[in-house]
Amino acid sequence: MLHDPMYLFICNLCINGIYGASTFYPRLLYDLLFDSHVITYIGCMTQVFGIYSYAFCEFTNLTVMAYDRYVAICKPLLYHTIMTIQKVKTLIFLTWLLTWLESGVGVALTAMLPLCGTDIDKLYCSNWAVVKLSCIDTTLINSYGFILTFSHVSQIILILFSYVNIVKASLRSRVERRKFLQTCLPHLITMTNFTISIVFDVMYARYGSNTSLLALRNIMSVEFLVVPPLLNPIIYGMTLTQIRKRLMINLLRPLGLGCYE
């Protein structure tokens, strides 16, 4: 019942959340337990790759989900013809492949830089924090960063364009409005929360002061790593009827109440 395209994309979103949290929490717990604030260079670059691939995958997956909702609401009669299971598998595969390529190129360019410092003023390793320690010109890595920024801003524009058309279609009937509120509103909440936290972190890392509002900066810099993996399952689990029903069935079955299925 939950093998429809929308649920597979939600599953991929939650898997990516676990992946992103796994790049942050183990190292944080190690630092807290052993009072250690030192990380190896390879460990730092591995964390950079994991965190950035998580962020890129989140944006790309949200874009694919917006396309899926656009087809479902604006072209409902063609939905199962366009969004076949094979196409869904291909989109999920390409999401991860492009994400890892983007992150791999960025980490490779950063690894080529000789460093003149060792102190990173964040709770985790970020690409820009490492680049700032470089002894040489960083025009190449900065240019690549702007290309990635343009790419993912374009994805946000595509999402907004999809939702403009979705809202127009939803105004035509009560059924479409109900479908919009149930399946699209969680997606908008997820995208808005993630985008705001990412934009704040990027802008503050590049242009903010290292001394002012330190507590706020630390909280916002980890918000996109901490909140979405916890919030997404709750948002989608509570608002989508099929997921909520399956969850209740699985909870009630051990109590001998499986007849409600």
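With a relative accessibility of 2%, Thr 95 counts as buried, because buried means under 20% relative accessible area. The structure shown here is a predicted model, and in it Thr 95 has its place in helix α5. The protein chain as a whole contains ten helices and zero strands, and 42% of its 261 residues count as buried.

**Around Thr 95**
- Once its neighbours within four places in sequence are left aside, Thr 95 is in contact with Asn 12, Cys 57, Thr 60, Asn 61 and Val 64.

**Helices α3 and α5**
- The axes of helix α3, residues 41-74, and helix α5, residues 85-111, come within 8 Å and cross at roughly 145 degrees, and the crossing in which α3 passes α5 is right-handed.
- On the α3 side the residues making this contact include Cys 57, Thr 60, Asn 61 and Val 64, while on the α5 side Thr 95 is one of the residues taking part, with Trp 96 and Trp 100 also among them.
- Sorted by class, the contact of α3 with α5 has 13 nonpolar, eight polar and one charged residues.

**Helix α8**
- Helix α8, residues 174-207, should span 50 Å because its 34 residues are counted at 1.5 Å a residue, and its end C-alpha atoms, which lie 46 Å apart, agree with this.
- At Cys 184, α8 bends by about 40 degrees, and a proline, Pro 186, follows within four residues.

**The whole chain**
- Taken along the principal axes, the C-alpha atoms of the protein chain fill a box of roughly 65 × 45 × 35 Å.
- Among contacts between residues at least 6 apart in sequence, 74% join residues at least 24 apart.

How values were computed:
Residues are numbered from 1 along each chain as its sequence is written. This is a predicted model: local features need pLDDT of at least 70, side-chain atom pairs count only at pLDDT 80 or more; totals for chains, interfaces and linings use all residues. Side-chain values use heavy atoms; hydrogens and water are left out. Axes are lines fitted to C-alpha atoms, for helices over the stretch in contact, and angles run from 0 to 180 degrees between N-to-C directions. Helices (H or I, at least four residues) and strands (E, at least two) are DSSP runs, numbered from the N terminus. A crossing is left-handed if the near helix is turned anticlockwise from the far one by less than a right angle, and right-handed if clockwise. Contact means heavy atoms within 4.5 Å. Ala, Val, Leu, Ile, Met, Phe, Trp, Tyr, Cys and Pro count as nonpolar, Asp, Glu, Lys and Arg as charged, and the others, Gly among them, as polar. The expected span of a helix is 1.5 Å times one less than its number of residues. The bend at a residue is the angle between axes fitted to the seven residues ending there and the seven starting there. Buried means under 20% relative accessible area, exposed over 50%, partly exposed in between (1.4 Å probe, protein chains only).
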